[in-house]
Amino acid sequence: MRDQLIELLWDEYGYPVRLQGSLAPSEAYPDNFFTIWNAETADGDHFDNGPIWYTWTFSIYFFSTDPGAVLSVTESAINLLKAAGWIIDGKGTDAPSDEITHTGRTFTATFIEQQ
């Protein structure tokens with residue numbers, strides 16, 4: 001599911017998609033980029049000693065030097081993922097940035113993978 005999420009975001013926006021916390025201290029922040037974090041992957045309902053579905057939950061962050069893009073790209077990404085079958089709870093929240101030049105926004109996306 002991680003690869004599908006990265007592909008959806010990259011194909012639509014062309015911005016880097018990185019694992020949360022993976023930018024090196026010496027690495028410059030791109031002007032616009034996503035980070036993702038797989039917060040949970042739970043299984044549910046079992047048949048023949050195996051799960052019949054998994055619930056993948058990701059925290060998705062978008063950071064930008066453009067405060068307007070932070071809002072518009074986040075809203076667009078939420079709509080993109082909903083159209084691709086992801087479950088989104090709400091419209092997101094502000095996210096802290098380690099760089100004074102960037103602002104951020106985050107939201108949670110869940111996908112139910114059937115086996």
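Predicted model: local features only at pLDDT ≥ 70, side-chain atom pairs only at ≥ 80, totals over all residues.
Colleague: Where does tyrosine 54 sit?
Modeller: Tyrosine 54 is in strand β3, residues 50-64. Residues are numbered from 1 along each chain as its sequence is written, and side-chain values use heavy atoms, with hydrogens and water left out.

Colleague: What is the relative accessible area of tyrosine 54?
Modeller: The value is 25%, so tyrosine 54 is partly exposed. Buried means under 20% relative accessible area, exposed means over 50%, and partly exposed is in between, with a 1.4 Å probe and protein chains only.

Colleague: And which residues does tyrosine 54 touch?
Modeller: Not counting residues up to four places away in sequence, tyrosine 54 touches Thr41, Ala42, Asp43, Phe111, Ile112, Glu113 and Gln115. A contact means heavy atoms within 4.5 Å.

Colleague: How many Å separate tyrosine 54 and proline 96?
Modeller: Their C-alpha atoms are separated by 30 Å, and the two residues are 42 apart along the chain.

Colleague: Step back a bit. What order do the elements run in?
Modeller: From the N terminus the order is α-β-β-β-α-β-β-β, which comes to two helices and six strands. The C-alpha trace spans about 55 × 30 × 25 Å along its principal axes.

Colleague: What share of the residues is buried?
Modeller: Buried residues are 35% of the 115 in the protein chain. Among contacts with a separation of 6 or more, 59% are between residues 24 or more positions apart.

Colleague: Next, tryptophan 86. Buried or exposed?
Modeller: Tryptophan 86 counts as buried because its relative accessibility is 3%. The residue lies in the loop between α2 (67-83) and β4 (87-88).

Colleague: What is tryptophan 86 in contact with?
Modeller: Leaving aside neighbours within four places in sequence, the contacts of tryptophan 86 include Met1, Gln4, Leu5, Leu8, Trp56 and Phe58. Leu81, Ala109, Thr110 and Phe111 are also among them. For threonine 110, the C-alpha to C-alpha distance from tryptophan 86 is 5.6 Å, across 24 residues in sequence.

Colleague: Which side chain makes a polar contact with tryptophan 86?
Modeller: The side chain of glutamine 4, at 3.4 Å. A polar contact is a pair of N or O atoms within 3.5 Å; within protein, one must be able to donate a hydrogen and the other to accept it, and residues adjacent in sequence count only if both atoms are side-chain atoms.

Colleague: Different topic. How many salt bridges does a search of the whole structure find?
Modeller: Two. A salt bridge needs a side-chain nitrogen of Lys or Arg within 4 Å of a carboxyl oxygen of Asp or Glu. One of them joins arginine 18 and glutamate 27, at 2.8 Å from N to O. Arginine 18 is partly exposed at 26% relative accessible area, and glutamate 27 is partly exposed at 33%.

Colleague: What about aspartate 94 and arginine 105?
Modeller: Their side chains meet in a salt bridge, 3.0 Å from N to O. Aspartate 94 lies in strand β5 (residues 93-95) and arginine 105 in strand β6, so the pair ties together parts eleven residues apart in sequence. Aspartate 94 is exposed, at 62% relative accessible area, whereas arginine 105 is buried, at 15%.

Colleague: Which backbone oxygen lies 3.0 Å from a polar atom of the arginine 105 side chain?
Modeller: That of glycine 92. Strand β6 covers residues 103-114. Beyond neighbours within four places in sequence, arginine 105 has contacts that include Ile60, Tyr61, Phe62, Val70, Leu71 and Thr74.

Colleague: And threonine 106, buried or exposed?
Modeller: Threonine 106 counts as buried, at 13% relative accessibility, and is found in strand β6. A polar atom of the threonine 106 side chain lies 3.0 Å from the backbone oxygen of isoleucine 60. Apart from neighbours within four places in sequence, threonine 106 is in contact with Ile60, Tyr61, Gly92, Thr93, Asp94 and Ala95.

Conventions:
Helix = DSSP H or I, 4+ residues; strand = E, 2+ residues; numbered from the N terminus.
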